[in-house]
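These are my notes from an afternoon of looking through one model.

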Amino acid sequence: MVNFPFFRHNPQGFTEYIEMPNPDRGFEVEAFNILLLYGMSAIQAKAVLAHELMHVWLADNGIIDIDDALCEGSCDYASYMFLKDVGSAQSNYIIRIMREDLDPVYGRGFRDVERYVGTNGVAAWLHMLHEEARRAPSSYAIQSD
Ligand SMILES: [Zn+2]
């Protein structure tokens, strides 16, 4: 889920996971539905879509039960990568709102991931997400037991 400016604390996007039984892994995600709030600007909608697609990437890689701030911060970082490439006044404004957000999950999570990627790079961030999922006490595979 993502809450973006201008309605930062109201949902603007949501990803629904459709799970199917799997004899080896218990369950696996078979499909996704991504819902976007109607009426956003094109840039906002694409930024929200980038966030939701990062949720899909995480689930598709079995990275399910990680810290909420790391999860949402990573998804906001995917939006940030899109917004940075756009480089418009509106995209820069949205980035500023993300950086200044006081929310302990979204705002802090984004700042932590931005700092991590700035120091270590994108490949290290994606690797770290896999490692965090392996360390999680109730990873996706374990939940299905
Ligand atoms: Zn989210």
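I began with the order of elements, and from the N terminus on I read β-β-α-α-α-α-α-α along the protein chain. That comes to six helices and two strands, where helices (H or I, at least four residues) and strands (E, at least two) are DSSP runs, numbered from the N terminus. I note that this is a predicted model, in which local features need pLDDT of at least 70 and side-chain atom pairs count only at pLDDT 80 or more, while totals for chains, interfaces and linings use all residues. Residues are numbered from 1 along each chain as its sequence is written.

Next I looked up burial for the whole chain, and found that 26% of the 145 residues count as buried; a residue is buried if 20 or more other C-beta atoms lie within 10 Å of its own, exposed if 12 or fewer, and partly exposed in between, with C-beta atoms placed from the backbone. I also looked up contacts (two residues whose C-beta atoms, placed from the backbone, lie within 7 Å). Among those between residues at least 6 apart in sequence, 63% join residues at least 24 apart.

I then turned to helix α2, residues 68-86. Its 19 residues reach 27 Å from first C-alpha to last, close to the 27 Å expected at 1.5 Å a residue, the expected span being 1.5 Å times one less than the number of residues. I listed its buried residues as L70, C71, E72, G73, S74, C75, D76, Y77, A78, S79, Y80 and L83. What covers them includes α1 (42-60), α3 (89-100), α4 and α5. Just after α2, I found G87 with a positive phi of about 65°.

For α1 against α2, I noted that the axes come within 8 Å and cross at roughly 140°, axes being lines fitted to C-alpha atoms, for helices over the stretch in contact, and angles running from 0 to 180 degrees between N-to-C directions. That makes α1 oblique to α2, since angles under 35 degrees count as roughly parallel, over 145 as roughly antiparallel, 65 to 115 as roughly perpendicular and the rest as oblique. On the α1 side I43, K46, A47, A50, H51, L53, M54, H55 and L58 meet C71, S74, C75, D76, A78, S79, F82, L83 and V86 of α2. By class I read twelve nonpolar, four polar and two charged residues in this contact, with Ala, Val, Leu, Ile, Met, Phe, Trp, Tyr, Cys and Pro counted as nonpolar, Asp, Glu, Lys and Arg as charged, and the others, Gly among them, as polar.

Is A78 buried or exposed? A78 is buried, with 21 other C-beta atoms within 10 Å. Leaving out residues up to four places away in sequence, A78 touches A50, H51, L53 and M54. A78 also lies 8.1 Å from A47, C-alpha to C-alpha, although 31 residues separate the two in sequence.

Last, I checked α4 (residues 106-120), whose axis comes within 7 Å of that of α2 and crosses at roughly 65°. The two helices are therefore roughly perpendicular to each other. Among the residues making the contact are Y77 and Y80 of α2 and F110 and V113 of α4. The residues of this contact divide into eight nonpolar, three polar and five charged.
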